[in-house]
Structures are given as C-alpha cells and as structure tokens.
Amino acid sequence: MLTEKKAQPIVLIGGGGHASVVAEVLLQQGKEIIAVVSPASIAERDVFSAIEHITCDSEIARFPPREVKLVNGIGFMPKTVTRQRINYYFLALGYQFDTVVAPTAIVSSYATLEPGSQILAGAVVQTGARIGAHSIINSKALVEHDCEIGEYNHIAPSATICGQVRTQINVFVGAGAIVTPNVTIGENAIVGAGCCVTKSIDAGVMARPTATIFSRVEKNEGRKG
C-alpha cells in the first residue's frame, strides 16, 4: 500500500507583514513552520507564536537542504532586490523554495505555478496561465487565461492582468492596476497603482496613471536593472 509522502517542514525567511500573511497561509495548508528567520523581534505578531525565532540567515545551515524547504516572506517593492538576493544565495546552497497557495485562491488545474511562487487570498489564476518562479500574486489579484508572468514579479492586490499578457523578470504591477490583453511588460518595469496599461512597456520603464483611463508611460531613468 502506497503512503502519502509527508511534506517537508518550512523555514520562513522574514518576520514582517508579508511574512505574517504567508505564515498564516502555510498554517492553513497544514504545513509545519519550524523556524522564522528575522533580525528584528517577531513577538508582536501572534501568527509566529510557538515558532522558533532565529535572527541570522547563517543559522539556516542548521537545517540541511534535503530536510526542509524555504519560503521567502520578504515583500517585493519596486527598486528592491533583497528578495532576489536571498533566493539566489540559498538556491546556490542547494535549498528549494516551496510554493504557497492560499485556500481561498482559485488556481486552474491547467495553470502552471513554478517553484517558490505565492498565490495569496482571493487571487485567481486562470486556465493556461504560467506564474514564474518566486513571483507573488497578491490578495484578490486576477491573472487571466494564457498569461506568462515572469520570475520575481509582484502582482499587487486587486490588480487585473488580462488574457495573453506577458511579463518579463522583476516586474511590479501596483494595486488596482489593469493590464489589457496581449500586452508585454519588459524586465524591471513598474506599473503604478491604478494604471490602465493598453500598450506594451519596454524594460526599465515606469507607467503612472493620469486623469484619463489610459496610462502615461515614463522612462525610469534612475532605475538600475
């Protein structure tokens, strides 16, 4: 008789707001969180109670890669690379990052979630969509059919990504933004909260909302890739 393989316990990196949301999802999934890694105190967040608190990334070495999976609970905001750097470091050491899916999220059985992706409460991922590794589809965000969301994207709360949109690596789509069908968003681009993007955006560009429904696209000259 075959027995179901027990899920590996989780080491959660980060102790802030995003980490607390992800921790609750993991607990709802029935996952065991054996440690939270944060240099700051986590005592004020009840969701972390009864979980071991370690303060230094190097202490993760206590847990061999074959025995645990990691979850990156550090949020992703524009112009920040902390999340990526941490992932690159631990992937090089042989660790794997677990995929997180909230019980209230709706993910098509014909969608693809790559390792380390996070689909949070109320989010919808439709048929044929692919969510790239380590990307965040935040609360109530919608990723429609046949979209290709690149690695290390953050689709913020209530954003709508319409059908057949393609985003490249390290794209940020702000809260409530709308990306219309068949648009491509280039690497390191930023779509501001509330934008309606109707045309493709080049790499390193920032889209900001104007008084009309259409987006105003401006070059983000100070951004480094």
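## A buried Lys–Asp contact and its surroundings

The side chains of Lys 31 and Asp 98 meet in a polar contact of 2.7 Å. The model is predicted.

Both partners sit in loops. Lys 31 belongs to the loop that runs between helix 1 (17–28) and strand 2 (33–37). Asp 98 is placed in the loop between helix 2 (82–92) and strand 5 (100–101).

Is Lys 31 buried or exposed? Its relative accessible area is 18%, so Lys 31 counts as buried, the limit being under 20%. Asp 98 has a relative accessible area of 12% and is therefore buried under that limit too.

Which residues surround the pair? Neighbours within four places in sequence are set aside here. Lys 31 then contacts Ala 7, Ile 10, Leu 26, Asp 98 and Thr 99. On its side, Asp 98 touches Ile 10, Lys 31, Lys 69, Leu 70, Val 71, Gly 116 and Ser 117.

An α-helix has 3.6 residues a turn, so residues three or four places apart point the same way. Helix 1 has twelve residues and spans 17 Å from first C-alpha to last, close to the expected 16 Å. Gly 30 follows the helix with a positive phi, near 85 degrees.

| Residue | Relative accessible area | Class |
|---|---|---|
| Lys 31 | 18% | buried |
| Asp 98 | 12% | buried |
| Cys 56 | 36% | partly exposed |
| Cys 195 | 1% | buried |

Now the cysteines. How many disulfides does the structure hold? It holds zero. Cys 195 shows why for its own case: the closest cysteine sulfur, in Cys 196, is 8.5 Å away, which is too far for a bond. A disulfide needs the sulfur atoms within 2.5 Å. Cys 195 is also buried, at 1%, whereas Cys 56 is partly exposed, at 36%.

Strand 18 (residues 178–179) runs parallel to strand 21, and two bridges join them. Within this pairing, Val 179 stands opposite Val 197 of strand 21.

Methods:
Residues numbered from 1 in each chain as written. Predicted model: local features only at pLDDT ≥ 70, side-chain atom pairs only at ≥ 80, totals over all residues. Heavy atoms only, no water. Helix = DSSP H or I, 4+ residues; strand = E, 2+ residues; numbered from the N terminus. Buried < 20%, exposed > 50% of the residue type's maximum accessible area, 1.4 Å probe, protein only. Polar contact = N/O pair within 3.5 Å; in protein donor to acceptor, adjacent residues only side chain to side chain. Contact = heavy atoms within 4.5 Å. Expected span 1.5 Å × (residues − 1). Pairing = 2+ DSSP bridges.
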